[in-house]
Amino acid sequence: MNNMMIIGQYVPGNSLVHRLDPRMKITIIFLFVIFVFFANNVASYSILTVFAIITTAVTRIPFRFILKGLTPVWFLIIFTFILHLIVTKEGTVLFELLGFKLYTGALIQGFAISLRFFLLILITSLLTLTTTPIEITDAIEDMLHPLKKIKFPVHELALMMSISLRFIPTLLQETDKISKAQASRGVDFRTGPIKERLKAVVPLLVPLFVSAFKRAEELAMAMEARGYQGGEGRSKLRQLKIERIDIFVLSLFILVIAGLFLTRNY
Amino acid sequence: MREKFIEFRNVSFRYGDEQPWVLENVSFEIYKDEWVAIIGHNGSGKSTIAKLMNGLLYPQEGEIIINGLPVNDQHVWEVRRQVGMVFQNPDNQFVGTTVQDDVAFGMENRGVPREEMTKRIGEVLKAVRMEDYLLTEPHRLSGGQKQRVAIASVLAINPNVLILDEATAMLDPRGRKEIMQTVADIQAKNEISLITITHDLQEVVQAERVIVMNAGKVWDEATPREIFTKKDELREIGLDVPFIALLADELKHNDVSIINEPLNHGELLEELWTLHSKM
Amino acid sequence: MDITFKDVSYIYQANSPFSHKALEDLSFHIPSGTFVAVIGHTGSGKSTLIQHLNGLLTPTIGEVQIGDYFINADKKPENLKELRSRVGVVFQYPEHQLFDETVAKDIAFGPKNFGVSEQEIESRIEEIIPAVGLDKQLLERSPFDLSGGQMRRVAIAGVLAIKPEVLVLDEPTAGLDPRGQREMMDMFYRLHKERKLTTILVTHSMEDAVRYADHVIIMNKGTKYMEGTPEEVFIQRDALNKVQLDVPEVIQFINSFEERFHIKIPFKRQSVQELAIQIQQVLKGAESSE
């Protein structure tokens, strides 16, 4: 069911990309997302594409796995491509079929936009594929640190995120268990008119909420028993450290961006 | 005379003014390095006792003293450092995203430096035999393993008392055995008082002393051997008696003279053997 | 209804890197009206097994037959709902499935889904409430205001109100105190007899298996490890210990008694009273023979 979708899924590994500091990864991806929009010719697109492909190769996650995992996004990419073929009317007419004229400009632009879209998705999914959710949380906490000065609850936000992450599998199991219990009592979640199916969700949602509240209450008590008093005076086991490799990768990325700006059309 | 560590003085507690009393005039003492089992049917007030012991609840009447400190707002954080607690549901007390994060949680709360934390994590995980699972996520652990991590998390802050509040109730027999083995190891190695709140007769038999709760009151307080002589009374308040104690009792009804109260197979067989060789 | 498993294998997430075989070549036959105990460690395949009994899972290989319903990889019965109305399942911690405003409505939920008439439901509730040891006054209360033990009983009443012919119980006494456990098991046993149910009890308690079951199935790593009457299965201490299961305490004692005295007391599911008399006679016999 969810093995088709890889966005948000972490694939364990020990590649260079896996080991990079998550803050560095987030920064690079953020910049990449911006700079993709500056590419406007074959050379500049090539540079970014090569960068993306090499990065993917370095992760050692099989290309096929990633491409297959992006299935739902492929539809969007192809849709974008076709849309451009129909809408854009620039350049020379390549051929005409049943009154529909295909322009060279449409082909080029459709291809460029689809490629841009693809690169964006690929690079951002590499973040979640190579970074555990908790590392992303740590990175966000660290990067938001300056906001503490304006009383933004950075620690609480990060704790909330990490507890949510920790409980996702637990709640999924619970959902499965309760839906099976209700199915055994004759609830049909799969067939029947929409209205009936919506009604069938109540016996699932109520127990889930009840149990989630109970868990929250018990968890709060367990945290208090273990001395939790908020973010003040806490030390941290998890520490992010910029290593030489991070600096190296960042420099490499700056070169790529420099290449992009040198080759693009003005 | 052993050193007092926990003292309940005429403690009464209820959840609200309109609610019935959960505990009524409860007094007892627990000594340093002692192993005490607290038993009682569901709703007899035994879990409330645990929560009172580390200031998760405060009594309306009476006083609770932990290692000379009264449990109140002023001392509650020190009390919580000294009194570690493991709860019933293995899932709802696992805070960290991995085993090592969970063990670190209590130390982080107390500002323990990072190097010290790493060292302690290694030590306590070894003590509960979970050292190979440092980076494992909770949903890949069995209930017994999660509870062992919970015990390690508590041990990491060097408490003087470890309370297991029905910590084995949701585990299968294998998980139970793991926990009881772990706990016995820890008690043997460290100077720590142990309080197990439980229905499991095997756990009760292992304790030095038993406090039996019924309807919010201390019903009895004695060694397991003494407690299990009161079979019918225990049954009446909804508790069970070990198989061996029952068998010994039946044997007595059949004119087999059992003199000591046996608590395990070895003891009963020994008695029978003595009888047998005398015949 | 008779239950037959024919070479059943079940693979979770087949054809994925996470695939995992939960059942392997499982075959057994349970005649209608039997009380069966299924025993095994967490992860031995017990819960996967019971989910095959009302079509929550379909075998990857092999076939499950329940009464006239056949379930295999190629075809689920068309009237799965009908099957579910005849096989009631009490899951672990069943109180987690409560959701309705009142106890009465929650109990009525199952039968209503299966199309039982209002009137019939009412009479069933009337009958079930005392049977599970609840007070009628609780019927209009919210199930969430009840104690843990009462909630468990309401949830069980909700399954019993379906009037199943097969009752599947997945560790129904987990988390209850000793008296609660005893009362609940006695209640299930009484219902088993009165309604002539086929009962399948998943349990960790060897004691319960000895006390109530006619037939025992021991599961290990997704396969059937042993099967037979409690008398046949539980005397095989070494085989059970090999998969880290204990024999019931009575048998442990009989075994150590034999080792010490070199006198065999056969295991016949005797009560503690009966065992005491046997021991007394053995001792007396030893006396008279000297």
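Colleague: How many residue pairs are in polar contact between chain B and chain A?

Modeller: This is a predicted model, and between chain B and chain A it has 18 residue pairs in polar contact, counting pairs with both residues at pLDDT 80 or more.

Colleague: Which helix of chain B gives the most to the side that touches chain A?

Modeller: That is H3(B), which gives nine residues, while helix H2 (76–82), helix H3 (99–109) and helix H4 (114–127) of chain B each supply at least two residues of that side.

Colleague: And how do the residues on that side divide into nonpolar, polar and charged?

Modeller: The side of chain B that touches chain A has twelve nonpolar residues, 13 polar ones and eight charged ones.

Colleague: What about salt bridges there, how many is the count between chain B and chain A?

Modeller: The count is five salt bridges, and one salt bridge between these chains joins B:Asp91 to A:Arg166, with the closest N and O atoms 3.2 Å apart.

Colleague: How much area is buried between chain B and chain A?

Modeller: The buried area is about 2900 Å², and carbon and sulfur atoms give 54% of it. Of the area that chain B buries against chain A, B:Trp77, B:Asn92 and B:Arg114 supply 22%, more than any other three residues.

Colleague: Changing topic, what is the area buried between chain C and chain B?

Modeller: There it is about 3100 Å², with 63% from carbon and sulfur atoms, and the contact takes 30 residues from chain C and 30 residues from chain B.

Colleague: Which side chain meets C:Asp246 in a salt bridge?

Modeller: The partner is B:Lys177, at 3.0 Å from N to O, and the count between chain C and chain B is two salt bridges.

Conventions. Residues numbered from 1 in each chain as written. Chains lettered and ligands numbered in written order. Predicted model: local features only at pLDDT ≥ 70, side-chain atom pairs only at ≥ 80, totals over all residues. Heavy atoms only, no water. Buried area = accessible area lost by both parts, 1.4 Å probe. Salt bridge = Lys/Arg side-chain N within 4 Å of Asp/Glu carboxyl O. Polar contact = N/O pair within 3.5 Å; in protein donor to acceptor, adjacent residues only side chain to side chain. Helix = DSSP H or I, 4+ residues; strand = E, 2+ residues; numbered from the N terminus. Nonpolar A, V, L, I, M, F, W, Y, C, P; charged D, E, K, R; others polar. Contact = heavy atoms within 4.5 Å.
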